[in-house]
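Thank you for making time this morning.

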Protein chains: 2
Amino acid sequence: MNTPQPDDEAPEIDKPADQDRKGEGERRGRKASKEQRRQQLIEATIDSLAKRGYSDTTMADVADGAGLSRGIVNFHFESKEKLLVATLQYMADEYSSHWRSALARAGQEPADRLWSLVAADFDRVICNKRKLAAWCAFWGEAKSRPTYQALCGARDEAYQQVFVDLCTVLKHEGDYGFEPKALALALSATLEGLWHRLMMGTESVTRETSFQAAAELLASVFPRHFVRDETGVRRRAIKRP
Amino acid sequence: MNTPQPDDEAPEIDKPADQDRKGEGERRGRKASKEQRRQQLIEATIDSLAKRGYSDTTMADVADGAGLSRGIVNFHFESKEKLLVATLQYMADEYSSHWRSALARAGQEPADRLWSLVAADFDRVICNKRKLAAWCAFWGEAKSRPTYQALCGARDEAYQQVFVDLCTVLKHEGDYGFEPKALALALSATLEGLWHRLMMGTESVTRETSFQAAAELLASVFPRHFVRDETGVRRRAIKRP
DNA sequence: CCGTATTGAATGAATGTTCAACAAACGCTG
DNA sequence: CAGCGTTTGTTGAACATTCATTCAATACGG
């Protein structure tokens, strides 16, 4: 059916599920520093969220996953709630710094910057089953918990504003007729929706096909900036005078 | 800041949170039929999911919300799990029949059908805080529960196929360059993403602005089929020969 | 040795499920 | 229609389980 997708299920980076064994240079046993232990427990929490979902994630699961004893979590984090907030905070920070660095890495051309932003969203580092499942778990609880809701604005206002600004500039560059704010909302929502589809894991939606779908949309919305070449892959057109 | 949005918070239809009082013609007390009681409990479940989220939804909450005693749920539904599955099933059926009827109501013109499909997604009946929050609660648990995962495919394969078919026809009608399958994925993902944004309730995203964003996208992607008029509202252009 | 990190069992609260008692509707018979 | 037994729906308390939290004892590092 779909063209062979070499990845997305195989070597998915970011897999500290087997984080116990192999002291990879870092100190393990009793010697781990406070911050390292916290990090270790946060990773175990993400594992548990991804594997069992929010409602079935227990302190015991987390402790077991980290290879530690039951009571340890309440020592490093005051409560389960605090642990979960710290975990969400960690993921939100990671997501935020990820797109910011992608933007910094891109050039000055708005089209390049938009492309870079979209591509960043499908980077293996943050876009993989484990993290996606954890995000989804938090989203499900966000509406009824203000603390989560605030942090779940990973695609926060700053992120949204970048989209608006880019759409505004591109509109002038390409003489497009759209309303920048509305279109920016639609575009960022598309990325969120594609994440959602990836998370559900149904159909034959992979990270590749999702990214292609997003690229296809860019080519349709910004025809003066993105073109389709024969390989089916979409790329930015040559710079305009 | 944002233009005054008259709705989305005020008269949101679909609010059986106060479903006890006022026997609106339907039989209440002991006389309610089996099916009516089930329906009543399902509505109470949606209420609880929306108000407290999945993990804090308890049998006692549901029973209290319905104004009945604790043990009643296990009588009509065998277990909590069964109750939740039935609730999800109910919502999935409602969503499915909603877009199907919207499609049936639309004419034969592909552009009309697509517009109708998009508009249906933002209909108050299914797109309101209560239902959205309930959907989100289930999504959060879907990945770790195959039963939920299957039902959560509200936007299932049939729905996706409709998008693909419409995109294919429109592509030929308008001589567009996109790849129908990829674009269809992007479009349906956009709707999902906008739902997600609405759910989070942050920013100034309302049902109106979300729909406008979707419409803006349609106008950008299918310029030969949709145009922007002075009111800012988007409409379908006149039929082509 | 002192302080800190860690353990694992005990505790108590929350919650899903069961069940015996009860009440309303229904059906049967005279 | 009255009387009576049966079925069905409903209740609320009792029960069992799961789980977050506490804490006294312990082990390790400095």
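**Contacts with DNA and between the chains**

Let me start with the surface near DNA strand C, which by class has 6 nonpolar, 6 polar and 9 charged residues; here Ala, Val, Leu, Ile, Met, Phe, Trp, Tyr, Cys and Pro count as nonpolar, Asp, Glu, Lys and Arg as charged, and the others, Gly among them, as polar. Please keep in mind that this is a predicted model, in which local features need pLDDT of at least 70 and side-chain atom pairs count only at pLDDT 80 or more, while totals for chains, interfaces and linings use all residues. Residues are numbered from 1 along each chain as its sequence is written, and chains are lettered from A and ligands numbered from 1 in the order in which they are written.

In total, 21 residues surround DNA strand C, and the closest are A:Ser69, A:Gly71, B:Thr58, B:Gly71 and B:Ser79, where near means that the C-beta atom, placed from the backbone, lies within 6 Å of the strand. The elements that give two or more residues to this surface are helix H1 (34-52) and helix H3 (72-76) of chain A, together with helix H2 (59-66) and helix H4 (80-105) of chain B; helices (H or I, at least four residues) and strands (E, at least two) are DSSP runs, numbered from the N terminus.

Turning to chain A by itself, its secondary structure comes to 10 helices and 2 strands, and from the N terminus on the order is α-α-α-α-α-α-α-α-α-α-β-β. Of its 241 residues, 44% count as buried, that is, with 20 or more other C-beta atoms within 10 Å of their own, whereas exposed means 12 or fewer and partly exposed lies in between, with C-beta atoms placed from the backbone. Chain A is divided into domain 1 (29-77) and domain 2 (85-236), with bounds from an automatic or database domain assignment. The contact between them takes 8 residues from domain 1 of chain A and 11 residues from domain 2 of chain A, contact being defined by C-beta atoms, placed from the backbone, that lie within 7 Å. On the domain 1 side, the touching residues divide into 6 nonpolar, 2 polar and no charged.

As for how the copies are related, chain B can be laid on chain A with an RMSD of 0.0 Å by a turn of 180° and a shift of 0.0 Å along the axis, with superposition by least squares on the C-alpha atoms of residues with pLDDT of at least 70 in both. That is the relation of a two-fold axis, and the same surface serves both copies, since 100% of the contact residues of chain B recur in chain A.

Most residues other than glycine have a negative phi. A:Asp175 lies in the loop between helix H8 (157-174) and helix H9 (180-200) of chain A, and it is exposed, with 7 other C-beta atoms within 10 Å.

How values were computed
Two residues are in contact if their C-beta atoms, placed from the backbone, lie within 7 Å.
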